[in-house]
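Have a go at each task before reading its solution.

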Amino acid sequence: MKKFLNAFAKDEDGAVTVDWVVLTAAIVGIALGVVAVIRTSLGTASSNIAASLTAAVNTALT
């Protein structure tokens, strides 16, 4: 039983999986934070682009 416990304590296979899960969660968290920060500005920029394109099309058609 003692040999089994020593071997179990030295086994690192599961530790790599935990590392990847933590790293993936951190990347997803950072991505969500970035999206939350730029969401409003991106909406404003897209509205400005749409207005400019509409004005350009109206000018070209007249």
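The exercises below go from the overall fold to single residues.

This is a predicted model, in which local features need pLDDT of at least 70 and side-chain atom pairs count only at pLDDT 80 or more, while totals for chains, interfaces and linings use all residues. Residues are numbered from 1 along each chain as its sequence is written, and side-chain values use heavy atoms, with hydrogens and water left out.

**Exercise 1.** Describe the secondary structure and the overall spread of the protein.

*Solution.* 
- Step 1: The protein has two helices and zero strands (DSSP runs, H or I of at least four residues for helices, E of at least two for strands, numbered from the N terminus).
- Step 2: Its radius of gyration is 27 Å, well over the 11 Å of the globule rule for 62 residues, so the protein is more spread out than a compact globule. The radius is taken over C-alpha atoms, and the rule is 2.2 Å times the number of residues to the power 0.38.
- Step 3: The C-alpha trace spans about 90 × 20 × 10 Å along the principal axes.

**Exercise 2.** Is leucine 42 buried or exposed?

*Solution.* 
- Step 1: Find leucine 42 in helix 2, residues 13-61.
- Step 2: Leucine 42 counts as exposed because its relative accessibility is 56% (buried is under 20%, exposed over 50%, partly exposed in between, with a 1.4 Å probe and protein chains only).

**Exercise 3.** Classify alanine 55 and give its C-alpha separation from threonine 40.

*Solution.* 
- Step 1: Alanine 55 also lies in helix 2.
- Step 2: With 41% relative accessibility, alanine 55 counts as partly exposed.
- Step 3: Threonine 40 is 15 residues away along the chain, and the two C-alpha atoms are 23 Å apart.
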